[in-house]
Amino acid sequence: MSLLEAILMGLIQGITEFLPVSSSGHLALFKIAFGMKDTGLLFDCLLHFGTLIAVFAVYYKDIWKMICEGFGIIGDFFANVGVAFARLAGKRDKKYRRIIHNGYRKFVMLVIVSTIPTGVIGIAASDLIEAASQILIVPGVCLIITSALLFIADHVAEGHKMPKQVSYTNAFLIGIAQGFATLPGISRSGTTITACLVSGCARKFAVKYSFIMSIPAILGSVVLQLFDIPNLDISAAEWVYYLVGTAVAAIVGYICIKIMLYVVKQKKFIVFSVYCLIVGAICVGTYFYIA
C-alpha cells in the first residue's frame with residue numbers, strides 16, 4: 001500500500017463513515033477497483049479509530065458526562081450490594097439507591113444494551129464479513145439495501161423520544177441493526193439512525209445515539225486486532241501510512257458529522273438514497289458483466 005492509497009482510503013472512511021453511504025462498502029469497492037491487495041482488518045479498524053476520534057471531538061461533553069455517570073452507576077451498584085448485606089444483618093433502616101435516575105445514566109445503559117448484540121454478531125461473523133468484502137456483488141446488494149433504509153428514514157413519522165423514553169428493547173434492536181451494518185455496503189450510520197427513528201427517537205438524538213454507540217463497537221474491534229499485531233508483517237513505512245490514513249479519517253470525519261446533523265434535521269436522506277441505489281446497481285451489473 002502506498003501513501004497516496006492510505007490518504008485516499010482515509011478520505012473515503014472519513015466521508016462515508018458518517019454520511020450514510022457505507023464506509024466498509026466503499027473501501028471494499030476501492031480495493032477491488034484499483035486491484036489493491038487486502039490490507040486486512042487492522043487497517044480498516046485504524047481507519048474506524050480515526051473516525052472515532054472525530055466522534056469524541058464533536059460529542060466530548062456528552063461523552064465525559066456519560067463516563068462520569070457510568071462510574072456513578074458502578075458506585076451505586078456496589079453501594080446497593082452493601083445495603084443488601086446490611087439488611088440481611090437486620091439493619092432494615094438502610095435504603096437502596098436509585099441507580100438510573102437521570103438521562104445520561106439511562107443513555108449509558110442504552111449504549112451497553114445496544115453493544116451486546118452488535119458484539120455477538122461482529123465476533124460470530126468476522127470471517128464472513130472479511131470474505132464478503134472481496135466479492136463485488138455483496139457491497140452492491142448491500143448498498144441497495146442501504147438505499148431503501150435511507151428512503152424509510154426520510155419518510156418515518158417525527159419522533160420525540162429522548163433517553164428516558166427509549167426502552168431497552170428498542171436499544172437491543174438498534175444494536176442488532178448495528179451488528180448487521182458490519183456487512184460491506186450496509187451503512188452503519190444510516191442503518192442505526194433509521195432504527196432509532198423507527199423506534200420513535202427525536203432526530204437530533206438519533207444522530208447522537210448512532211455515533212456514540214459506535215464507540216464501544218469500534219474500540220472492541222480495534223482491541224481484538226491488537227492481539228494479531230505481533231503476527232503481522234508490516235514495515236515501518238506501512239505503519240506511517242496507516243497513521244496518516246487514520247489522521248485523514250479523523251479530520252474529514254469531524255467535518256462530515258457536522259454535515260450529517262444538518263442532513264437529518266432537514267430530511268435530506270433522499271440524495272444519499274439515490275446515490276447508494278445507483279452505485280449498488282452499477283456494482284451488481286458489473287459483477288454479472290465480468291462474471
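Q: Where is the place of R203?
A: A helix here is a DSSP run of H or I with at least four residues, and helices are numbered from the N terminus; R203 has its place in helix 10, which covers residues 203-212. Before we go on, note that this is a predicted model, in which local features need pLDDT of at least 70 and side-chain atom pairs count only at pLDDT 80 or more, while totals for chains, interfaces and linings use all residues. Residues are numbered from 1 along each chain as its sequence is written, and side-chain values use heavy atoms, with hydrogens and water left out.

Q: Does R203 count as buried or exposed?
A: A residue is called buried under 20% relative accessible area, exposed over 50%, and partly exposed in between, using a 1.4 Å probe and protein chains only. R203 has a relative accessibility of 6%, and therefore it counts as buried.

Q: Which side chain does a polar contact join to that of R203?
A: A polar contact is a pair of N or O atoms within 3.5 Å; within protein, one must be able to donate a hydrogen and the other to accept it, and residues adjacent in sequence count only if both atoms are side-chain atoms. In this model the side chains of R203 and E158 are joined by such a contact, at 3.4 Å.

Q: Where is S214 found, and what lies 2.5 Å from a polar atom of its side chain?
A: S214 is found in helix 11, residues 214-226, and the atom in question is the backbone oxygen of F211. With a relative accessible area of 1%, S214 is buried. Leaving aside neighbours within four places in sequence, S214 is in contact with L52, V55, Q178 and R188.

Q: L52 is in that list; what else is L52 in contact with?
A: Again leaving aside neighbours within four places in sequence, L52 is in contact with S214, I215, I218 and L219. L52 lies in helix 3, residues 40-58, and is buried, with a relative accessible area of 1%. Along the chain, L52 and G253 are 201 residues apart, yet their C-alpha atoms are separated by 8.4 Å.

Q: How many residues does the largest nonpolar core have?
A: In soluble globular proteins, nonpolar side chains tend to be buried together. A nonpolar core is a set of buried Ala, Val, Leu, Ile, Met, Phe, Trp, Tyr and Cys residues joined through side-chain atoms within 4.5 Å. The largest one here has 55 residues, and those with the most contacts inside it are Y59 and Y209. Helix 12, residues 236-266, gives the most to this core, with seven residues. Apart from this core lies another, of 11 residues, among them M1, L42, F43 and L46.

Q: Which residues is Y209 in contact with?
A: Leaving aside neighbours within four places in sequence, Y209 is in contact with F107, L110, V111, S114, A171, I174 and C196.

Q: How far apart are the end C-alpha atoms of helix 13, and which of its residues are buried?
A: The expected span of a helix is 1.5 Å times one less than its number of residues. Helix 13 has 22 residues, 269-290, and so should span 32 Å; its end C-alpha atoms are 32 Å apart, which agrees. Its buried residues are F269, F272, S273, C276, V279, G280, C283 and V284. Seen down the axis of helix 13, these buried residues fall within an arc of 140°, so they line one face of the helix; the arc is that of the directions from the helix axis to the C-beta atoms. On the other side of helix 13, V271, I282, Y289 and I290 are exposed.

Q: How many disulfides does the structure hold?
A: A disulfide is a pair of cysteine sulfur atoms within 2.5 Å, and the structure holds zero of them. C142 is in no disulfide, and the nearest cysteine sulfur, that of C283, is 11 Å away. The sulfur of C283 is 10 Å from the closest cysteine sulfur, in C276, which is too far for a bond. C142 is buried, with a relative accessible area of 6%, and C283, at 7% relative accessibility, also counts as buried.

Conventions: Helix = DSSP H or I, 4+ residues; strand = E, 2+ residues; numbered from the N terminus. Contact = heavy atoms within 4.5 Å.
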